[in-house]
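Here is a walk through one protein chain, region by region. Keep the structure open as you read.

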Amino acid sequence: MGTPPELARYEQRFRRAGLPLFIEDFSPTHDIFSRATPVLVLVFLVEMLGATSLEWKWWQNLLAGLGGLVVLIAGFGLLNGFRGRRFWSFPTRFGTPELAVFVLLPALLPLATEVQLRQFFGVALGNLLLVGVVYAVVGYGLIGTTLWGLHRLGSELGNSVASLVRALPLLLVFSLVLFMTADMWQVFAGMPAAFIAFLAAAFALLSNLFLVLRLPRELDQIERDTASGPPLRGIQRLNLSISLVIRQWMQVLVVSAGVGLFFVGFGLLAISRHVYELWGIDPGSWSHQFILLDHPLLLSATLVKVAVGIATFTGLYYSISLMTDATYRTDFLDNVTVELRELFTARAEYLELRARLLPAPTSGS
């Protein structure tokens, strides 16, 4: 029996908010992998190429590819028969047997044709990784959370810019001192761009780790203040935590980008070629000089590196302040609390409606 339309509307709302685990009886078989069936089937069919070889002639590869396709289809057809379905039926659900066939059967093709044991493990591990990614992306609503964030991008940008304006004075005190030191410029001037990207990623992970450690306490407080209905289960709290982490990413990204652009502009005005020479700084792999109001401005790779580095430090500082500083914390959590109150209320209504429309089966039925 399908989901009643009244419940389906609530469930669609939870998915759009990036909280699919608020749906009762949400399961990997029916709700996660079944939604990703087209992607899994496409990958499964493309992996028939594992039966081919670059050393063979084209007609040999054609026959091997067709043979691999027959093996893959036959494997799923036999599984359909074992599961009580028609041989040619399209898989509409992915349980453990279907996932095992998806992971292992394509990996057997290179093992059977060329005894490629390394390729067997490579394909199997790749498919297993894809299954894990699908579970994380669909199961924890990452797509829904991202689309929800994009849908609310104007509001989120407004909140983030407002936070940036309020935070800017204190952030500038922290970062201006770093920006105006020759040592900082010398460090980033000699640092490859890939290292700076790695540094930004490491700081993002560090700030997320701090947020994850602080979130349980914050969620307890939010749930006490706003929730109605039964308390969240552990998996639902994890889904909500991931949603809040993504939301914080968006806010920190806007603040960091604003700080980075500020220092690019400030560096253009304040750091001339004479200062580069005085500090012994190489402009980097590229530089452009132009005149503004009879004043020479120098835009260089080193300036961009320093601005990105300072923005990364500032983003880490700001992300920690969101959870520790009373002003930033209230500013961030107040907006979240208002929206969570509406979602918790909708969840309570959903559970009450579900209890009326889908009564629990009796023990004798």
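Start at the hairpin formed by E1 and E2, which has two residues between its strands. Leu293 sits in the turn and has a positive phi of about 55°. Bear in mind that this is a predicted model. Strand E1 covers residues 287–292, and strand E2 covers residues 295–300. The two pair in the antiparallel sense, over six bridges. To trace the pairing, find Ile291: its bridge partner in E2 is Pro296.

The largest nonpolar core has 25 residues. Phe14, Leu240, Leu340, Phe344 and Tyr350 have the most contacts inside this core. Which helices supply at least two residues each? They are H1 (5–16), H10 (193–226), H11 (234–270) and H14 (326–357). H14 gives the most, with eight residues.

Where does Trp88 lie? Trp88 is in the loop between helix H4 (58–82) and helix H5 (96–114). Is Trp88 buried or exposed? Its relative accessibility is 71%, so Trp88 counts as exposed; the cut-off for that label is over 50%.

How values were computed
Residues are numbered from 1 along each chain as its sequence is written. This is a predicted model: local features need pLDDT of at least 70, side-chain atom pairs count only at pLDDT 80 or more; totals for chains, interfaces and linings use all residues. Side-chain values use heavy atoms; hydrogens and water are left out. A nonpolar core is a set of buried Ala, Val, Leu, Ile, Met, Phe, Trp, Tyr and Cys residues joined through side-chain atoms within 4.5 Å. Buried means under 20% relative accessible area, exposed over 50%, partly exposed in between (1.4 Å probe, protein chains only). Helices (H or I, at least four residues) and strands (E, at least two) are DSSP runs, numbered from the N terminus. Two strands pair if DSSP finds at least two bridges between them.
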